Amino acid sequence: MALAHPRVWSLSQTADGTLWIGTSAGLQAWRSSTGLTEVYELVAGADTFSRNNEIRALLAIDNTIWIGSRNGLFIYENNSFIPVQLKHDTSPEPIINVLKKSGNNQILLGSYDGFYRVDSENRHYISSSGVTALDNVNIRSIIEDNSGVLWLGTRESGLYRSNNASAAFQTLADILPNLALAQKPFTVTSVLKTKDAIWLGGTESVYLIEPTSQSFQEFKLGSRINAFAQDADNSVFIATDNGLYQYKHQILHTIDAPFKIANAANRNVRDIVIDEQGTFYLGLWGQGVIEWQPEANTVRQWLTNLRQQDMGNTVQNLLVTADQQLWVATRYSGLFQIDLNSGVIQQHSTEPQQSTEQQHSIKLPHNEVHCIKEYQQTLAICTKQGIVLYDRKLHKQTLYNEKEGLIDANILGLLQQENQTIWALSASGLSFRDAQTNSFIHYNRNDGMLGTELNSNAVAADDNLLYIGSINGLIIVNPALLQSNRRAPKPVLAALTIDHENLQVMPFQQDWPVIELTQQQHTINFEFSALDFHDPARNQFHYKLQGVDQDWVVADKRNSAFYANLPPGEYALWLTASNNHGVFSAPEVSARLKVLPHWWQQSWVIYLAILLSILVLGLIHRYRLRHIRHINRLLQVAVDTKAKAQLVLETRVAERTHALEESSMTLSLRSKQLEKSLAALATKNEELKRLDKLKDEFVATVSHELRTPLTAIRGAVGLLAQNVIKADSPAYKNMLTTAQLNSERLAQLINDLLDLQKFAAGTFTLSRNIFDLAQLAQQAVHAMQPYADRYSVQLYLNDDNDAKLLVNADSLRIRQVMDNLISNAIKFSPEQGLVTVQLFVEQSYVKLQVEDQGSGIPEAFRAHIFQNFSQADGSDSRAKEGTGLGLAICKKIIINHQGQIGFNSEVGRGSQFWFKLALISE
């Protein structure tokens, strides 16, 4: 069997191995088992010259063969041709030139009159967008490259590139085709999506759209609509350049109250926020923020001098967080944080305040802040130079700008959603941050958006859609349908210019050789390209010339890097590129550069110069050595002559020096002796002063202590001698008792002075014997009971020890210590106070402790309490009697018994005086 016609248009092979042949006379098949089949005609018996059986294109999918002919598209199946209709009117089917399989079960068709798509599974025509404008263009070839860009080759109309518009972007006309407003283009300055309606703000009007009925209302306000807000009663409030409006019960009326109370002349409301309590926050042009509580009809104001700080300064956006913090974004002053409870204001700017435990500062990249949002305690701040994300829990911030993948750092609005998803609005389009990849995907008009330039803070969302205002109208985004170009393009060096001269362009698949710059070449310009053709104008480039650039440089719109007067050396040009959606490739070395040195910078020249320098220096050194030797000989003669004269002079100087040294030593010895004498005199002088002071204190104390009892004795005896008081009367006995007590007091004073003298002379002796300290304590307490009664003080002995507490000591002296400690405790206790005497056994010691409830010992006096004549009040007019010798004598007695004595005291609570003696067994 021979070919039906010598002209073969196309070949294709199905999965069963059959080779299909498209000829001008029809379709034939070749199988290895049976060979060439007979011809299958589209139009049986058609004349060859009619070309009705011409098979122009074949495409095998599994075991199904698709046929492109002069009469349209067919499927050959079960020995029959099944037509696939591409036209939905009476016009003839197109002449098919090429068939190409694409993704998503689609077949791409190129015909005499344009481009078509067919669903290979459902076998029906798919309405195309974007490329349908190629009507009447004769398409001869189709290719879909690795990045998904569709290229169409035509017969006489050149080459076309197709970017498929995303179905995720819609307009009002798409979702509400019967809405008359959808056909009216207008700038959308603000958006609010409620349960049953869409509110759109324009430059002069407000539009209330009801999707269910596909109807709308227009309210002409004559000024720009800046923001919307809805309260708990579903009333909608509208912030405009001319004031605040409320839409309630289908009536729109003006709100004047907050402006009148605040006496605000300017009613240009830039933003409005209503918190959960129904409190309104109004951001004004140049006059800060008004807090208005409608029920109480009260206001508070902050930042009223914004306009005075910078002309044109204004509030741009407001945010109230759950912790009662009001955040105010301004045009020129950065971000303000106002504590609504305390009224404290903190400013965050490019020069932040120092952070404290209560306040943490945020550093902004620019003081022009367009918006402030919060989601899960993460603030999103959009500025003129990027987005700042601030974690309020960890007090950490992250900046996103062009270096982090933003197509435009001047962010005009922002929306945060779950999973840290961010939608950023700018004049260059819409940027979407995927939290999983932490990268931004960018969309603009070329992706199917109605417009690229978006308006500030004109964004709203419901459960399924985003509503974004642009200068061309409302853009509706369905995130579920969003597609992104995730393929990172390969960055390549497209062109190279050295000293403004273009070099030979290298194929993209070949690496550039090392680029050399001679010493006469001073400038080099690298031009970049990315092998992604979805939208080449949006491809971005970051480059870094290793050894020159410290950080990555964002390439300008020319996509090039220029360097001049590079120093000699080797350099590597690192390059990374993004596709149309901002997905960057991994950094790679795109070119290597070697800057050749001048002849005088070459290594052999440098080594030769060093060698010559060494040789010249050697010659100079040799000449100087010869010259120095000659000079040295002349100097040696002069030195020898001077040496002799020097020797004579040194001898004389040595003699004089020796004599001076002897004189100096004699003088030094005398000086030291004089210094010692002066020191001794000073010491003696200080000692004399101390003794004199002690003498004065002693005389004053003894005089006081002697005068008091003598006066009492003389008075009592005088009364008795003059028979003023009758004998045997109570008064007579009282006088005798007074004289006796004061005589005993004088005797005690004299005994203390004698004991002190014995201690000083070293003649003090002890008469030791073994006795029971507990029994001695009982005797002492019993003996001191009258003294306690005299001062109205309770005296109590606390002894819980059953065994005897035997000590080897002088019982009289120990009794003297007990009496002294007990009498001091009684004397310094208040009336009705309690003095407790306690006995303890501590290891091998017995401890006696006297505790009172007096005023305690002052801190400053505690270090001197056991010194001679020491009293807290040493004046003649002191309240308590005593010489200040008792405790000093007590310490001497206890120390001579090899015991310990001490005290504990707390001012206002009392004191505890104690001593310890060695305990002996029976």
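## Lining of the second largest pocket

The residues that line the second largest pocket divide into 21 nonpolar, 13 polar and nine charged, where Ala, Val, Leu, Ile, Met, Phe, Trp, Tyr, Cys and Pro count as nonpolar, Asp, Glu, Lys and Arg as charged, and the others, Gly among them, as polar. This is a predicted model, in which local features need pLDDT of at least 70 and side-chain atom pairs count only at pLDDT 80 or more, while totals for chains, interfaces and linings use all residues. Residues are numbered from 1 along each chain as its sequence is written, and side-chain values use heavy atoms, with hydrogens and water left out.

The second largest pocket has a volume of about 1400 Å³, and of the 43 residues that line it, Phe228, Ile272, Val273, Leu318 and Lys373 are the closest to its centre. Among the elements that give two or more residues to this lining are strand 21 (225–230), strand 25 (269–274) and strand 33 (369–375), whereas the largest share, six residues, comes from strand 29.

## Helix 6 and helix 7

The axes of helix 6 (residues 773–790) and helix 7 (residues 811–827) come within 9 Å and cross at roughly 40°. The two helices are therefore oblique to each other, and their crossing is right-handed.

In the contact (heavy atoms within 4.5 Å), residues of helix 6 including Leu773, Leu776, Met784 and Tyr787 meet residues of helix 7, among them Ile814, Met818, Ile822 and Lys827. The residues of this contact divide into 13 nonpolar, three polar and three charged.

Terms used: On a 1 Å grid over the protein atoms alone, a cavity is a set of points where a 1.4 Å probe fits but cannot get out, and a pocket is an open set with protein on both sides within 12 Å along at least five of seven lines; lining residues have an atom within 4 Å of a point. Grid points are joined across faces, edges and corners, and a volume is the space filled by probe spheres set on the points. Helices (H or I, at least four residues) and strands (E, at least two) are DSSP runs, numbered from the N terminus. Axes are lines fitted to C-alpha atoms, for helices over the stretch in contact, and angles run from 0 to 180 degrees between N-to-C directions. Angles under 35 degrees count as roughly parallel, over 145 as roughly antiparallel, 65 to 115 as roughly perpendicular and the rest as oblique. A crossing is left-handed if the near helix is turned anticlockwise from the far one by less than a right angle, and right-handed if clockwise.
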